[in-house]
Amino acid sequence: MKIQGKMFIWLSVFILAVAIVYGLWSKEPAGTTALFLAFGLCIMVGYYLAFTARRVDAMAQDNKEADVADEAGELGFFSPHSWQPLLLGLGGAFAFLSVAVGWWLMFFSAPFILIGLFGWVFEYYHGENRTQ
C-alpha cells in the first residue's frame, strides 16, 4: 500500500502542476476546475493509502523480493452454472435503453431485473444445490 500511496501523491503533484499551467494559459474555468478536482481526488486517495499503510502489516507488494503468488488466495465462490446474471444483464440493458427510447420500456425490464435478482439471491436455497 505504501507504493500506491506514493504513486497517487506524485500523480496529484503532477495534476496540480498541469491544472495551474492550464488555468493560466487557457483561462477556461470548466477544465481548470475539473483538473483541480482531480487533484483533490488524487490527494485524498493517496493520503488514505499512505495513512492505512502505516497501520497494516506489510503486504507482498511492499516487498521488492516478493513473488506474484505471495498474495494469492481464495477469491470467493462463484456459481459456474447460474443463468441469473444473464437475466440481470438483459434487465439492465433494457433499463438503460429505456432512457434513450422511452420510459415505457422500463415496465418490460423490471420483471427481468426482479426475477434475476431474486433468483440469484435464493439460488442455493432450493433444488439440487440446496446442500452447497
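Start by selecting serine 98: this residue is buried, at 0% relative accessible area (buried is under 20%, exposed over 50%, partly exposed in between, with a 1.4 Å probe and protein chains only). You're looking at a predicted model, where local features need pLDDT of at least 70, side-chain atom pairs count only at pLDDT 80 or more, and totals for chains, interfaces and linings use all residues. Residues are numbered from 1 along each chain as its sequence is written, and side-chain values use heavy atoms, leaving out hydrogens and water.

Serine 98 sits in helix 3, residues 84-101 (helices are DSSP runs of H or I with at least four residues, numbered from the N terminus). Show its side chain, which reaches the backbone oxygen of alanine 95 at 2.5 Å.

Next, pick proline 111 in helix 4, residues 106-121. Buried or partly exposed? Proline 111 is partly exposed, at 39% relative accessibility.

Last stop: select residues 2-26 (helix 1) and 29-53 (helix 2), whose axes come within 8 Å and cross at roughly 165° (axes are lines fitted to C-alpha atoms over the stretch in contact, with angles from 0 to 180 degrees between N-to-C directions). So helix 1 runs roughly antiparallel to helix 2, the term for angles over 145 degrees. Colour their contact by class and you'll get 19 nonpolar, eight polar and one charged residues (Ala, Val, Leu, Ile, Met, Phe, Trp, Tyr, Cys and Pro are nonpolar, Asp, Glu, Lys and Arg charged, and the others, Gly among them, polar).

Notes. Helices (H or I, at least four residues) and strands (E, at least two) are DSSP runs, numbered from the N terminus. Angles under 35 degrees count as roughly parallel, over 145 as roughly antiparallel, 65 to 115 as roughly perpendicular and the rest as oblique. A polar contact is a pair of N or O atoms within 3.5 Å; within protein, one must be able to donate a hydrogen and the other to accept it, and residues adjacent in sequence count only if both atoms are side-chain atoms.
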